[in-house]
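I opened this model to look up a few points of backbone geometry and chain pairing. My entries follow.

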Number of protein chains: 2
Amino acid sequence: MYTLKSTCSTTKARLGQLNTDHGVIETPIFMPVGTLGTVKAVSQDQLVEQIKAQIILGNTYHLYLRPGCDIISEAGGLHKFINWDRPMLTDSGGYQIFSLSENRKLEEEGAHFKSHIDGSKHLFTPENVVDIQRILGSDIMMILDECPPYPSTYEYAKNSMELTHRWAKRGRKQFLETTHHYDHKQFQFGIVQGGTYKDLRIESSKFMADQDFEGIAIGGLSVGEPIPLMYEMADLNTDHLPNEKARYLMGVGTPSNLIECVARGIDMFDCVMPTRNARNGMIFTRYGKVNLRNSKWKEHHDLLDPDFPSDLCNKYSMAYIHHLIKANEIFGLAMASVHNLTFYLWLMEEIRERIKNDTFGEWYPEMSKQLDKKL
Amino acid sequence: MYTLKSTCSTTKARLGQLNTDHGVIETPIFMPVGTLGTVKAVSQDQLVEQIKAQIILGNTYHLYLRPGCDIISEAGGLHKFINWDRPMLTDSGGYQIFSLSENRKLEEEGAHFKSHIDGSKHLFTPENVVDIQRILGSDIMMILDECPPYPSTYEYAKNSMELTHRWAKRGRKQFLETTHHYDHKQFQFGIVQGGTYKDLRIESSKFMADQDFEGIAIGGLSVGEPIPLMYEMADLNTDHLPNEKARYLMGVGTPSNLIECVARGIDMFDCVMPTRNARNGMIFTRYGKVNLRNSKWKEHHDLLDPDFPSDLCNKYSMAYIHHLIKANEIFGLAMASVHNLTFYLWLMEEIRERIKNDTFGEWYPEMSKQLDKKL
């Protein structure tokens, strides 16, 4: 499903394509997160026309609980339920269960957990998360994994990784033995774990590379560890992953994180940051980050960035958007969300152009610093 | 500013036009409410392109407190602050102060009140609400009035009406003595009061008719009185208002209220109902009202009304919208808000067509009943 088109001459950055039955995805790419079958505060039309999203992500844990598999199955799958005909990736719920902490229990069989909505008890296994994702009908599904917290002891990280590996084999078996629910092809990605221990990261990369997954994700990062350590682990992982498969770094990150990790050989990203931060007034721009809740923008009647193609930048004054966000007005939250995602997708396009022209290597270190500036 | 174009042969319905420096408004019309310089959950582009709003309303009380007159003045007025170049009407704050109950005190001079945001003390007078609305730069401003609660004693309603009349004269004087802040013309509307007492309603209508306001509003209705009484009062008021001035029924109402009041000679309406109800899942359609929060729509995978021009009706299944609204997802709240306003403006256009063809009289009684049905 992945075609490597070209590589950067000075970094590990790769230009590629993912072929799915819902369309081709140009990589490196960022995937907006649509937890409950909607990218928060954004419409499907805006995703296509304004943000230019090529693929979005759905959360199995959330969708399984609400509206539930019956409803989505009746609708003919998640694409039809939410009226989205571009590619979609679903996670396995592993990360969400990990976040529940008190309300989950891991066993060899799978993960027992209590719903955050009504406290009801459920079990996710390597097999049934495949079945659920067959019903959801995503183009790319993920295996069930355990995401260990940071920091974890070596022993915990090792045992956890080994559990993820055993689950990976069971999940792949289930994937190969089940048929597609709908008329499009689904792919399955494995997930590398290993905490922040180099030998475990290498072992896990090699393990996942040895399976026949269509792509490989890097999990367990961006969970509280220092950023340089995250970069180091991602770099190490891609060193031991096959060139002919897509690499997806889960849950990352800031604009500079994306650039830095592309330089370390990553093809795919997802994160709630652009939409979550938008709702708090944190706006990403080419020149750095802006907190539009800050009262210093109260009387700033100029546009934020007249040449950037988003309403937030070129249509409404900073004073107006500051006012909307301070008053928690939905229009402000929505406009900020659309802007941040437009910016993320713009950045990925810029990255692809730079790799294509082979100017990425000289461009990214300065750009990475600039994106982290506070305006 | 108002031109009467034609009248219905069997009811008091009127087809007309309002001419403002920001454009012509075809009446009867409904004005979406943009309390804080934004129609809740709706963008300015959606107001123009999808909803086809001809004029929107801003609340002086809310805008005066937040972002404040200084900011709006610096921006060059409310039109420029929110980037809206169509007509705009601002109320005087009278109704909002009335709603504060415990936190306001009326005196001859004006209305003392405490901010609902920070408890700070303020005074609105017939004169300074003109000054504030000069700064806001609305095309149509309203006089300061007292809106008595329902029920009120005859004595209270009479004294209150007389205060509103004295304030009306002071407000008009201030209007005539002040110049425009910006380069477009502003108009001022008087407000009829009188509680639910026929003789007071007639007296107040005649009083306002005798002043030289550019248009006349009917206030103090839709504050808890029975609907038939509201219709009776509106009917009585328009009997005593001049044909050559626009009549604006403030704060009304449901779709059937609009139809019934057009039949009683009203030209302009505003109400938060379409947007507020939308955020609670209450959707207005040609066939009646639908509560999309109701679990009976959970597995309803059809479109609500495939021939109605809104995304909520013709693009997403009822099951999906039910899911979004139950989960309080902004996309759902926004889509419902856009739909309800699109429906209100569609209804007003239908009404205008019916008056034009002189089929309004035979059409409206059945339509009014149909719009009140619960689906």
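**Helix H10 of chain A**

I looked up burial first: eight of the eight residues of H10(A) are buried, so H10(A) is largely enclosed by the rest of the structure. Buried means 20 or more other C-beta atoms within 10 Å of the residue's own, exposed means 12 or fewer, and partly exposed lies in between, with C-beta atoms placed from the backbone. Helices (H or I, at least four residues) and strands (E, at least two) are DSSP runs, numbered from the N terminus. This is a predicted model: local features need pLDDT of at least 70, side-chain atom pairs count only at pLDDT 80 or more, and totals for chains, interfaces and linings use all residues. Residues are numbered from 1 along each chain as its sequence is written, and chains are lettered from A and ligands numbered from 1 in the order in which they are written.

Next I checked the packing of H10(A), residues 255-262, on H15(A), residues 360-371: the angle is about 160° and the axes are 8 Å apart. Axes are lines fitted to C-alpha atoms, for helices over the stretch in contact, and angles run from 0 to 180 degrees between N-to-C directions. H10(A) and H15(A) are therefore roughly antiparallel (angle over 145 degrees). I noted the contacting residues (C-beta atoms, placed from the backbone, within 7 Å). H10(A) uses Pro255(A), Ser256(A), Ile259(A) and Glu260(A), and H15(A) uses Tyr364(A), Met367(A), Ser368(A) and Leu371(A).

A cis peptide bond joins Val252(A) and Gly253(A), with omega about 5°. Gly253(A) sits in the loop between strand S13 (246-249) and H10 of chain A.

**Chain pairing**

I counted 31 residues of chain B in contact with 31 residues of chain A. Helices H3, H4, H13 and H14 of chain B each supply at least two residues of that side of chain B.

**Backbone in chain B**

Phi of Ser222(B) is near 60°, a positive value in a residue other than glycine. Ser222(B) is buried, with 22 other C-beta atoms within 10 Å. Phi of Asp358(B) is near 55°.

Conventions
Two residues are in contact if their C-beta atoms, placed from the backbone, lie within 7 Å. Angles under 35 degrees count as roughly parallel, over 145 as roughly antiparallel, 65 to 115 as roughly perpendicular and the rest as oblique.
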